[in-house]
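Subject: Structure handover

Hello,

The structure is below, with notes on what was found in it after that. Please read the notes with the model open.

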Amino acid sequence: MDYSFIFYLVGALLVLVGIAGIILPALPGVPLVFVGLLLAAWGDGFNRVGWLPLVVLGVLTVISIIVDVICTVAGAKKVGASKLALIGSAIGTVVGLFFMPIGLFVGPFLGALGGEYLHGRQLGQATKVGLGTWLGIVLGVALKLGLAVAMVGVFAIAWFF
């Protein structure tokens, strides 16, 4: 019995969940896209998609993880965020998941704002830090979406050519 259809189906589902995970911070988005594409290549016995495209996909996955960390921290550090603001942003992200879809965008901002306010008790600086942290997260999501699209493109080129 040929199980390749199951590999393709599970691979496609993982890619879709991974793309959703780029936007929903609770899921490891780009790594799930990678695993989904790897399963699809495996379903074909690696005949169409060999080791070179898979290495490129792996490198893009590692880059996405680095981008995620750098964008969030750089956005916060650029505006002088405290450790409490970073912790607040993480808490706000998790709490925001319960108030979808608006909570995904408002949660990190309010968390960073609250953490910075607790740190320095200055609303102006706290707002600036909240906005900088939020912009870093949004930039990270945009870059990770671009990397995921590039990964699917690399896979498609390897598959069809």
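**Thr61 and its surroundings**

Not counting residues up to four places away in sequence, Thr61 touches Val30, Pro31, Phe34 and Met151, where contact means heavy atoms within 4.5 Å. This is a predicted model, in which local features need pLDDT of at least 70 and side-chain atom pairs count only at pLDDT 80 or more, while totals for chains, interfaces and linings use all residues. Residues are numbered from 1 along each chain as its sequence is written, and side-chain values use heavy atoms, with hydrogens and water left out.

Thr61 lies in helix α3, residues 51-78; helices are DSSP runs of H or I with at least four residues, numbered from the N terminus. Thr61 counts as buried because its relative accessibility is 8%. The cut-offs are under 20% relative accessible area for buried, over 50% for exposed, and partly exposed in between, with a 1.4 Å probe and protein chains only. A polar atom of the Thr61 side chain lies 2.9 Å from the backbone oxygen of Leu57.

**Ile22**

Ile22 is in helix α1 and is buried, with a relative accessible area of 2%. Leaving aside neighbours within four places in sequence, Ile22 is in contact with Gly29, Val30, Val141, Lys144, Leu145 and Ala148. Val33 is 11 residues from Ile22 along the chain, and their C-alpha atoms are separated by 9.6 Å.

**Helix α5**

Among the buried residues of α5 are Gly103, Leu104, Gly107 and Pro108. The buried residues of α5 pack against α1 (4-23), α4 (83-96) and α6 (123-160). Arg121 follows α5 and has a positive phi, near 60 degrees.

**Nonpolar surface patch**

Leu84, Ile87, Ile91, Val94, Val95, Phe98, Phe99 and Leu118 form a nonpolar patch on the surface, with about 830 Å² of accessible area together. Such a patch takes residues with over 30% relative accessible area and no salt bridge, and joins nonpolar side chains (Val, Leu, Ile, Met, Phe, Trp, Tyr) within 5 Å. A salt bridge is a side-chain nitrogen of Lys or Arg within 4 Å of a carboxyl oxygen of Asp or Glu. Helix α4 gives the largest share of the patch, 5 residues. Ile87 is found in α4 and counts as partly exposed, at 48% relative accessibility.

Regards

Note on methods
Helix = DSSP H or I, 4+ residues; strand = E, 2+ residues; numbered from the N terminus. Patch = residues over 30% accessible without salt bridge, like charges linked within 9 Å, V, L, I, M, F, W, Y side chains within 5 Å. Areas by Shrake-Rupley, 256 points an atom, 1.4 Å probe, with all protein chains shown as cover. Polar contact = N/O pair within 3.5 Å; in protein donor to acceptor, adjacent residues only side chain to side chain.
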